[in-house]
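Subject: A structure to look at

Hi there,

I am passing a structure on to you, with some notes on what turned up in it. Have a look at it first, then read on.

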Amino acid sequence: MHNNQEIPSRTGAEIWVDTVYQYIIIILFTIEKLVELMKINDNCVGCGQCASFCKKGAIEVRGRARATDACVDCGMCIPYCPVKAIEVPA
Ligand code: SF4
Ligand code: SF4
């Protein structure tokens, strides 16, 4: 059985817009992965208070705390650190 319906093709302008859009998404994704807003500095004593507070379960504590890829940089854990080890770089 042959279907005579034409498959709509993208125009040159639409393909150009799609390409730009794809590059914007790729650039934003790369920036999001490179820019870490939240840092844990050397003051960390590994008490684990930040880990117990983080709703994303994004902090591992093995001697010291470390943010995992699950961290969404919300910053909500910052005030819970008793030694001010969690900071947002200026
Ligand atoms: S910044 Fe937010 S998501 Fe990341 S570790 Fe702290 S509370 Fe969790
Ligand atoms: S609350 Fe502060 S000192 Fe305690 S584990 Fe987290 S970053 Fe380290």
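A few terms first: helices (H or I, at least four residues) and strands (E, at least two) are DSSP runs, numbered from the N terminus. Two strands pair if DSSP finds at least two bridges between them.

Strand S2 covers residues 59-62, and its pairing with S3 is antiparallel, over four bridges. Across the pair, Ile59 stands opposite Ala67, and Glu60 stands opposite Arg66.

This is a predicted model, where local features need pLDDT of at least 70 and side-chain atom pairs count only at pLDDT 80 or more, while totals for chains, interfaces and linings use all residues. Residues are numbered from 1 along each chain as its sequence is written, and chains are lettered from A and ligands numbered from 1 in the order in which they are written.

Stepping back, the protein has two helices and four strands, in the order α-β-α-β-β-β along the sequence. It has 90 residues, of which 10% count as buried (20 or more other C-beta atoms within 10 Å of the residue's own, with C-beta atoms placed from the backbone; exposed means 12 or fewer, partly exposed in between).

Which residues make up the largest nonpolar core? There are nine: Met38, Cys50, Cys54, Ile59, Ala65, Ala67, Cys77, Cys81 and Ile86. Such a core is a set of buried Ala, Val, Leu, Ile, Met, Phe, Trp, Tyr and Cys residues joined through C-beta atoms within 7 Å. On S3 (residues 64-67), Ala65 and Ala67 form the covered face, whereas Arg64 and Arg66 form the uncovered one.

Now the ligands. A residue is near a ligand if its C-beta atom, placed from the backbone, lies within 6 Å of it. Ligand 1 has 13 residues around it, with Cys54, Ala58, Cys71, Cys74 and Cys77 coming nearest. Around ligand 2 there are 15, and the closest are Cys44, Cys47, Cys50, Ala65 and Cys81.

Enjoy exploring it!

Best wishes
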